[in-house]
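Me: I am new to this entry and would like to go through it with you. Could we take it one topic at a time?
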Amino acid sequence: MATLRKSTLQPKKSSSHPAPKRESATLKREDPKILMLAGEHSGDLLGGELIRELKKNFPELETFGVGGERMIEEGFHSIESMEELSIIGFSAILFKYRFLKALIGRLLDAAVERNCTHAILIDYPGFNLRLAKELKKLGITVIFYVSPQLWAWKFNRIYGIRETIDLMLVLFPFEKEIYDRYGVPCEFVGHPLAVRLREKIRKEAQIEEPEEKSHLHATVTLMPGSRSGEIRRILNDLLETAGQLSEHYESEKKKVRFLLPNINQKEELYILEQIEFAKTKYSHLKIEYLFDRSLRAIEASDLVLVTSGTATLEVAYFEKPMVILYKVSMFTYAIGSFFIRTPNIGLVNILSGKEICRELVQAECTPVHIVAESIDLLENKKYRNKAIEEIRKVKESLGSENSSRHAAREITKLIKGIPRK
């Protein structure tokens with residue numbers, strides 16, 4: 001989301017109650033009232049977990065602002081539906097500009113009304129960094145949870161962050177190094193991935209053993225992404241890759257099992273239709289479609305062909321070799337190439353600081369290249385083991401402690417005035 005222009009913010013008008021004068025007030029430390037804002041589902045999950053942990057230290061904790069179902073379950077009061085913040089595209093931002101500007105005013109008024117001195121802003125940087133600037137003017141202590149990806153683009157935001165953010169809580173260790181270098185108070189709290197995946201995989205149904213297990217050479221999982229655009233750009237390349245791999249190993253009298261998990265119900269019919277079409281082209285091809293069982297599919301795999309995104313971290317959690325795929329429209333790629341600062345696209349490679357998993361981007365994202373890399377990872381033991389070793393290092397770098405617990409501990413220190421080490 002684009003950063004809002006500097007302007008005079010107007011609170012939401014009420015015919016019976018005039019807007020309060022915005023003046024900072026003193027908060028009783030034993031009864032904290034915290035403004036929080038999460039603009040997306042991932043932030044809502046983090047917010048819910050964080051509120052639960054904070055209540056262990058502050059049983060009478062009052063939280064308010066904007067959040068979703070998970071935060072509300074923990075007693076959070078949302079003054080606006082989080083869905084109203086789901087904005088995609090430049091035209092949508094322009095359409096909602098007045099609403100977003102007014103929402104900032106309402107949040108500031110709510111902070112003053114509730115005698116709030118601390119705010120926790122979760123991800124959603126375009127809006128939250130603007131809100132942080134206004135909260136700082138009121139003397140409110142601002143905590144930012146999940147760093148903007150300034151290491152990838154818009155790095156100059158770090159100067160505004162240094163002026164407005166009192167504590168930055170980051171998920172990746174290299175982010176703390178950046179903030180330390182620029183004098184921003186920062187704590188690496190770890191990534192919530194491990195805890196979430198352990199909980200999620202217990203809920204996923206087991207995958208049945210293959211009928212011809214003794215003749216099985218390898219299991220390959222195809223992950224075309226979760227968004228409709230990703231699926232429609234990459235799915236057919238993955239299915240063609242599966243067909244060619246099936247044919248290659250069939251000539252050597254080896255069987256390859258293909259798993260295709262999906263969480264996008266709207267695209268289910270399209271995916272199933274494309275699978276059937278691929279099977280008519282390659283008679284030996286067998287693909288098992290799995291709805292909402294992606295972790296089980298990764299766990300059962302010898303190789304994962306995955307669209308770039310957070311799914312690459314899920315694959316890293318299971319220490320599986322992978323090929324990272326990325327394909328967008330030429331216009332999007334051209335614009336992105338102009339602004340992106342990092343040489344890598346996959347999160348596992350960004351965290352490693354080098355390409356430990358092959359990235360096939362745009363013109364290289366074709367069945368010919370995917371098949372060649374897949375065969376290398378399945379047949380070249382030295383190459384495969386080196387990839388797994390590097391992936392394991394990335395997994396370990398994400399931390400093993402409960403990230404929400406760590407974040408709550410650092411926030412508690414700030415509220416109680418305990419110096420950070």
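Me: Which residues does L131 touch, not counting residues up to four places away in sequence?
Reply: This is a predicted model. In it, L131 touches L35, L37, I104, L107, L108 and L121, with residues up to four places away in sequence left out.

Me: And which residues have the most contacts inside the largest nonpolar core?
Reply: They are L35, I120, L121, L131, Y145 and M322, in a core of 91 residues. Helix α4, residues 97-113, gives the most to this core, with eight residues.

Me: What does the second core include?
Reply: The second core is separate and has 33 residues. Among them are A218, V220, L239 and I370.

Me: Let me step back to the overall picture. How many helices and strands are there in the protein chain?
Reply: The secondary structure comes to 17 helices and 13 strands. The protein chain has 421 residues, and 51% of them count as buried.

Me: What share of the contacts with a separation of 6 or more comes from residues 24 or more positions apart?
Reply: Such residues account for 69% of those contacts in the protein chain.

Me: Now strand β11. How many of its residues are buried?
Reply: Strand β11 covers residues 303-307, and five of its five residues are buried. L303, L305 and T307 lie on one side and V304 and V306 on the other, and both faces are covered.

Me: Which way does strand β8 run relative to β11, parallel or antiparallel?
Reply: Strand β8, residues 216-223, runs parallel to β11, and four bridges join the two. In one of these pairings, M223 has V306 of β11 as its bridge partner.

Me: What about β12, how many bridges does it share with β11?
Reply: β11 and β12, the latter being residues 322-326, pair over four bridges, also in the parallel sense. T307 stands opposite L325 in β12.

Me: Through which helix does the chain cross from β11 to β12?
Reply: The chain passes through helix α12, residues 311-317, and this β-α-β crossover is right-handed.

Me: Changing topic: how many aromatic pairs are there?
Reply: The count comes to five aromatic pairs. In one of them, the rings of Y124 and F127 have their centres 6.1 Å apart and their planes at 50°.

Me: Why does that pair count as tilted?
Reply: The planes of Y124 and F127 stand at 50°, so the pair is tilted, because angles under 30 degrees count as stacked and those over 60 as edge-to-face. Both Y124 and F127 are buried.

Me: And how are the rings of Y159 and Y182 arranged?
Reply: Their centres are 6.0 Å apart and their planes are at 80°, so the pair is edge-to-face. Y159 lies in helix α6, residues 157-164, and Y182 in the loop between α7 and β7, so the pair ties together parts that are 23 residues apart in sequence.

Me: How accessible are those two?
Reply: Y159 is partly exposed, with a relative accessible area of 42%. Y182 also counts as partly exposed, at 24% relative accessibility.

Me: Which residues form one aromatic cluster?
Reply: F155, Y159 and Y182 form one aromatic cluster.

Me: Which charged residue lies over the face of Y270?
Reply: R232 lies over the face of Y270, at 4.0 Å from the ring centre. Elsewhere, the charged end of K395 sits over the ring of Y317, 4.9 Å from its centre.

Me: Where is K136, and what does it touch?
Reply: K136 is in helix α5, residues 125-137. Not counting residues up to four places away in sequence, K136 touches V142, E163, T164 and D166. The C-alpha atoms of K136 and E163 are separated by 8.8 Å, and the two residues are 27 residues apart along the chain. K136 is partly exposed, with a relative accessible area of 30%.

Me: One last topic, the backbone. What is phi of N115?
Reply: Phi of N115 is near 60°, a positive value in a residue other than glycine. N115 is found in the loop between α4 and β4, and is partly exposed at a relative accessible area of 24%.

Me: And what is phi of D292?
Reply: Phi of D292 is near 55°, a positive value in a residue other than glycine. D292 is placed in the loop between β10 and α11, and is partly exposed with a relative accessible area of 37%.

Key
Residues numbered from 1 in each chain as written. Predicted model: local features only at pLDDT ≥ 70, side-chain atom pairs only at ≥ 80, totals over all residues. Heavy atoms only, no water. Buried < 20%, exposed > 50% of the residue type's maximum accessible area, 1.4 Å probe, protein only. Pairing = 2+ DSSP bridges. Right-handed = clockwise from strand over helix to strand, strands pointing away. Contact = heavy atoms within 4.5 Å. Core = buried A, V, L, I, M, F, W, Y, C linked by side-chain atoms within 4.5 Å. Phe/Tyr/Trp six-rings, centres within 6.5 Å; stacked < 30°, edge-to-face > 60°. Lys NZ or Arg CZ within 6 Å of the ring centre and 35° of its normal.
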